[in-house]
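The following exercises are to be worked through with the sequence and the structure at hand. Each task is followed by a solution in steps.

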Amino acid sequence: MMHQLYPQVWHDYRYELNKDMHIAAAHFIPHEAAGSCANVHGHTYIVNVTVAGDELDESGFLVNFQTLKQLVHRKLDHTLLNDHSDWFDGHDPNRFPTSEVVARTIYETIQRYLDTLPHKPKCLQVFVRETPTSYVVYRPKAGER
Ligand SMILES: [Zn+2]
């Protein structure tokens, strides 16, 4: 099991939870600026999701770790990311499955789920490491959380 430190996000919530996921997946970026990344290739993505809130649910969870895993890992692991047209519409450059877009889409998916919970937890940060030397962090703007 790999342990690593993640960038911290400042907040004033009482509880903070972090969920790590390893996702083996392929992708390609169909744009001339992508160079060799226009070819199909794979990564073992390391994803860290940060959720915070002031209240717990009736079972004492801020959010169930397993649910976070189901929302992201079950959908993306061992897939071609470009195949998820409901997540990544490959005609819109803002929807090519770059690490930035993967991080943002994971945020959107998780926050959409959290919005259904009565105690209203918030996703504050999604960290996506694509390679040992490259990672992206997505955080909602202050007015969005
Ligand atoms: Zn890549």
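**Exercise 1: the zinc site**

Task: Determine whether His41 is buried, partly exposed or exposed.

Solution. Buried means under 20% relative accessible area, exposed over 50%, and partly exposed in between (1.4 Å probe, protein chains only). His41 has 22% relative accessibility, so His41 counts as partly exposed. His43, at 13%, therefore counts as buried. Both residues belong to the zinc site: the protein donors are His27 (NE2), His41 (NE2) and His43 (NE2), lying 2.0 Å from the ion. Donors are N, O and S atoms within 2.8 Å of the metal (3.2 Å for Na, K and Ca); water is not among the atoms, so sites may look incomplete. Along the chain, the donors of the zinc ion follow the spacing H-x13-H-x1-H.

The model is predicted: local features need pLDDT of at least 70, side-chain atom pairs count only at pLDDT 80 or more, and totals for chains, interfaces and linings use all residues. Residues are numbered from 1 along each chain as its sequence is written, and side-chain values use heavy atoms, with hydrogens and water left out.

**Exercise 2: helix H2**

Task: Explain why H2 is described as largely enclosed.

Solution. In H2, 12 of the 16 residues are buried, so the rest of the structure largely encloses this helix. Among the buried residues are Val101, Ile106 and Leu114.

Notes:
Helices (H or I, at least four residues) and strands (E, at least two) are DSSP runs, numbered from the N terminus.
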